[in-house]
Amino acid sequence: MPRANRASRLTGLLTSVLLLAAAAVACGSSDSDSGSASSGATGSSASAGAFPVTIDHKFGSTTIKAEPKRIVTVGLTDQDAVLALGKVPVGTTEWLGGYKGAIGPWAQDKLGGAAAPTVLKDTGTGPQVEKIAALKPDLILAVYSGLTKAQYESLSKFAPVVAQPKAYNDYGVPWQQQTEEIGKALGKAAEAKTLVSGVEAKFAAAKKEHPEFAGATAVMATPYEGTFVYGSQDVRSRILSDLGFSLPKDLDKVIGDQFGANISKERFDLLDQDVDVWILPDAGPAVTKLHSDKVYADLNVVKQGREVFIPETSDYGNAVSLSTVLSLPYVLDRLVPQLTAAVDGKTSTKVEQPAS
């Protein structure tokens, strides 16, 4: 899963849930949760002539024949793009926890007066097929996901499913493509491109204001089961790349085809960059523990005060991990000042992590 210390990678789905799904579709659901968003707001209408539309993905292609009204997001961050495009899903999938409807504070205003979506969970065996079926979706989005073929086929029994793109690692789709593919699925391709352009303009402005970013190297890491670094296809690393930073040269060679991986102390050279961005569980003890490692503490990045610390379970940390068209402006307001202070190598300019 994309946040290494919060969930395990999705596994194959038990075939028995297909029977439950069929029953749920036929009989509806008595689950009280599903009623909260059963009439989910549909927002503005799709563009004329937008349907039918066919979207290619890892498991082939999916055709959506008409404008979807009841959308369920299996992709762990797909709800933000849906909301940004004026729709409210009837169901979302929990990842970070702590937010009603799995909607972060940067996206709350997009709900308008609609009820919060029903929140589904993945306990490690994949999407909750029977509960998804009970919501009677006419579109299931799994763009930012690690959906397996078996899970895709199971979900496709009762609604069109847009799975993750074939061109990227699981959980590796760039936020731009995620937004645009969801835009096509909702019949709002032009609107999605406009949204993407707006956020890209914010990145461009930050790069122009801070040309020093373009000549610097940076890496994202977290102290999960040792030292876990994020690869170039991870959404968190893409923030750094989009701001002009270069990632470590051998990073993807070490990561392989995953979104990230643990590294040994023999590969701590990957951490000796112009900036290290750490996603940490807390502000104090985690930093102390990090610096107690003599191998790491001896790196220039530490000695020169080039570290950035992000509180993992804060709104800020959650926004970084989601890295969506809605959360990224929220991130840039907080991260850019920290990066600016870190990249100059002066401990006197160090910016403390924001509280939220």
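Strands β8 and β9 pair in the antiparallel sense over two bridges. This is a predicted model. Its protein chain has 14 helices and twelve strands. Of the 356 residues, 53% count as buried. Among contacts between residues at least 6 apart in sequence, 71% join residues at least 24 apart.

- β8 is mostly covered, with five of its five residues buried.
- Ala218, Met220 and Thr222 point one way from the strand. Val219 and Ala221 point the other way. Both sets are buried.
- β8 pairs with β11 in the parallel sense, over four bridges. In that pairing, Ala221 stands opposite Trp278 of β11.
- On the β9 side, the bridge partner of Thr222 is Phe228.
- The hairpin of β8 and β9 has five residues between the strands. Within this hairpin, Glu225 takes a positive phi near 50 degrees.

**Thr222, a polar side chain in β8**

- Thr222 is found in strand β8.
- Its relative accessible area is 1%. The cut-off for buried is under 20%, so Thr222 counts as buried.
- A polar atom of the Thr222 side chain lies 2.7 Å from the backbone oxygen of Ile279.

**Helix α8**

- α8 spans residues 235–242 and is mostly covered. Six of its eight residues are buried.
- The buried residues are Val235, Arg236, Ser237, Arg238, Ile239 and Leu240.
- Gly244 follows the helix, and its phi is positive, near 105 degrees.

**Helix α13**

- α13 is mostly covered too: seven of its eight residues are buried.
- Tyr316, Gly317, Asn318, Ala319, Val320, Ser321 and Leu322 make up the buried set.
- The cover over these residues includes helices α3 (78–84), α8 and α14. It also includes strands β8, β11 and β12 (307–311).
- Ser323 follows α13 and has a positive phi, near 45 degrees.

**Thr93 in strand β4**

- Thr93 sits in strand β4, residues 91–93.
- Its relative accessibility is 7%. That is why Thr93 counts as buried.
- The Thr93 side chain reaches the backbone oxygen of Thr73 at 2.8 Å.
- Leaving aside neighbours within four places in sequence, Thr93 is in contact with Thr73, Val74, Leu76, Ala102 and Leu120.

**Cavities**

- The whole structure holds two cavities of 30 Å³ or more.
- The largest cavity has about 90 Å³ of space. Its lining has 13 residues, of which Gln79, Trp95, Leu96, Tyr99 and Ala102 lie nearest the centre.
- By class, that lining has eight nonpolar, four polar and one charged residues.
- The second largest cavity has about 60 Å³ of space. Eleven residues line this cavity, and Val74, Thr93, Asp122, Gly126 and Pro127 lie nearest its centre.
- The lining of the second largest cavity has six nonpolar, three polar and two charged residues.

**Largest pocket**

- The largest pocket has about 290 Å³ of space.
- The pocket is lined by 15 residues. Pro223, Gly226, Thr227, Lys289 and Leu290 lie nearest its centre.
- Helix α10 (residues 285–291) gives the largest share of the lining, three residues.
- The lining divides into eight nonpolar, four polar and three charged residues.

Terms used
Residues numbered from 1 in each chain as written. Predicted model: local features only at pLDDT ≥ 70, side-chain atom pairs only at ≥ 80, totals over all residues. Heavy atoms only, no water. Buried < 20%, exposed > 50% of the residue type's maximum accessible area, 1.4 Å probe, protein only. Contact = heavy atoms within 4.5 Å. Pairing = 2+ DSSP bridges. 1 Å grid on protein atoms, 1.4 Å probe; cavity = no way out; pocket = protein on both sides within 12 Å on 5 of 7 lines; lining within 4 Å. Points joined across faces, edges and corners; volume = space filled by probe spheres on them. Nonpolar A, V, L, I, M, F, W, Y, C, P; charged D, E, K, R; others polar. Polar contact = N/O pair within 3.5 Å; in protein donor to acceptor, adjacent residues only side chain to side chain.
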